[in-house]
Amino acid sequence: VTDHILPKRVYYTIFGILMLGTYLTVQIAFFDLGRLNTVVALTIAVIKATLVVLFFMHLSESHGSNRLVFVVSIIFALVMMLGVFGDLLTRNPMSLPSGAPAFDISPESHMAPHE
Amino acid sequence: LDVTLGTINTVVLITSSLTMALAVHAAQLGQRKLVLWFLVATMVLGVAFLGIKSVEYYHKFEEHHVPGPGFQFEREYFRHAQLFFSLYFIMTGLHALHMIIGIGIMLVMFRWTWRGIITEDYYSPVEISGLYWHFVDIVWIFLFPLLYLIGRHGP
């Protein structure tokens, strides 16, 4: 619980930036940047999420212990994901569905053909 | 997946996060009426999100893109697509479930504010409900690019 009260203006500003981020991420998604597409999309998502956490969830004015819990949970989530990525990168091609070629896991092939 | 509907839903959900933040703000200042209005706005936007989501689900059912015996897709990508749509339905379904729970929490908060339990000295329930709502929003902030946008470029 925070005792300090943020001015309303802060919320509107953050909302504006979040909208801008949404617009940008949609526009960029239609350009072919190769592998960078994923990186850019997730970077924007991380920035948006950080803004929500810091301002909408008031972490920017929280006490030290709250901040510590937040950061540590993110680190542990990353540790869990490391296991998944390690598995993905070292996987035997034969264990993929229908024995598909290991490197034909481009995102396009997962997408529906329409719009 | 339909990028337009996905984008609209992203805007709807971020806006609901704004109204939620403003509800907490009003609660901190003890502006009871404003809290009620912002809670209603949050719930309406939440329901709108679920409505658009169900339209999308309906399209997927019509196109036989729901994994299972009736699944249909180009032969070349059949298994890939089935895997993708399994993940799609599990992730968005779980997210939608959290939204429904969130709307339930908002109803309770509305009732508590209505009955005068929530005051400027005791607004923690609204603030904590807000944390939950923002968390669900953050999940969508990641799901949207992962499911709708990545792999969108090209012909």
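The pLDDT is the predictor's confidence in each residue, on a scale from 0 to 100, and the legends below refer to a predicted model.

**Figure 1. Confidence along chain A of the predicted model.** The mean pLDDT of chain A is 76, and 75% of its residues score at least 70. Over residues 102-106 of chain A the pLDDT is below 50, and in the model this stretch has 5 contacts beyond near neighbours in sequence. Where pLDDT is low, the predicted coordinates should not be read in detail. Among the elements of chain A, the highest mean pLDDT, 88, belongs to helix 1 (residues 8-29), whereas helix 3 (residues 64-89) has the lowest, 84.

**Figure 2. Helices and surface of chain A.** The secondary structure of chain A consists of 3 helices and 0 strands, which gives the pattern α-α-α when read along the sequence. Of the 115 residues in chain A, 30% are buried. Among the contacts in chain A with a separation of 6 or more, 51% are accounted for by residues 24 or more positions apart. The chain exposes about 7500 Å², of which carbon and sulfur atoms supply 74%.

**Figure 3. A nonpolar surface patch on chain A.** The residues I74(A), L78(A), M81(A), F85(A), L88(A) and L89(A) make a nonpolar surface patch of about 650 Å². One of these residues, F85(A), lies in helix 3 of chain A, and its relative accessible area of 47% places F85(A) in the partly exposed class.

**Figure 4. Two histidines with positive phi.** Most residues other than glycine have a negative phi. H58(A), a residue other than glycine, has a positive phi near 65 degrees, and its position is in the loop between helix 2 (36-56) and helix 3 of chain A. In chain B, H64(B) is likewise not a glycine and has a positive phi of about 60 degrees; H64(B) is found in the loop between helix 2 and helix 3 of that chain. With a relative accessible area of 3%, H58(A) is buried, whereas H64(B), at 37%, is partly exposed.

Figure 5. When its neighbours within four places in sequence are left aside, H95(B) is in contact with L13(B), F49(B), V136(B), V139(B), W140(B) and L143(B).

**Figure 6. Aromatic rings in chain B.** Over all chains, the count comes to 15 aromatic pairs. One of them is formed by F84(B) and F85(B), whose rings are edge-to-face, with 5.3 Å from centre to centre and 75 degrees between the planes. F84(B) is buried, its relative accessible area being 7%, and F85(B) is also buried, with a value of 0%. Ring pairs link F84(B) and F85(B) into a cluster with Y57(B), F61(B), F71(B), F73(B), Y88(B) and F89(B).

**Figure 7. Salt bridges in chain B.** A search of the whole structure finds 2 salt bridges over all chains. In one, the side chains of E56(B) and K53(B) meet with an N to O distance of 3.3 Å. Because E56(B) and K53(B) are 3 residues apart in helix 2 (residues 32-62) of chain B, about one helical turn separates them, and both E56(B) and K53(B) are buried. K60(B) forms a salt bridge with E63(B), in which the closest N and O atoms are 3.9 Å apart. Here K60(B) is buried, with a relative accessible area of 5%, whereas E63(B), at 31% relative accessibility, counts as partly exposed.

Figure 8. L5(B) lies in helix 1 (residues 3-28) of chain B. At 19% relative accessibility, L5(B) counts as buried, since that class takes in values under 20%. Leaving aside neighbours within four places in sequence, the contacts of L5(B) are with I52(B), V55(B) and E56(B). L5(B) and I52(B) are 47 residues apart in sequence, while their C-alpha atoms lie 7.1 Å apart in space.

How values were computed
Residues numbered from 1 in each chain as written. Chains lettered and ligands numbered in written order. Predicted model: local features only at pLDDT ≥ 70, side-chain atom pairs only at ≥ 80, totals over all residues. Heavy atoms only, no water. Contact = heavy atoms within 4.5 Å. Helix = DSSP H or I, 4+ residues; strand = E, 2+ residues; numbered from the N terminus. Patch = residues over 30% accessible without salt bridge, like charges linked within 9 Å, V, L, I, M, F, W, Y side chains within 5 Å. Areas by Shrake-Rupley, 256 points an atom, 1.4 Å probe, with all protein chains shown as cover. Salt bridge = Lys/Arg side-chain N within 4 Å of Asp/Glu carboxyl O. Buried < 20%, exposed > 50% of the residue type's maximum accessible area, 1.4 Å probe, protein only. Phe/Tyr/Trp six-rings, centres within 6.5 Å; stacked < 30°, edge-to-face > 60°.
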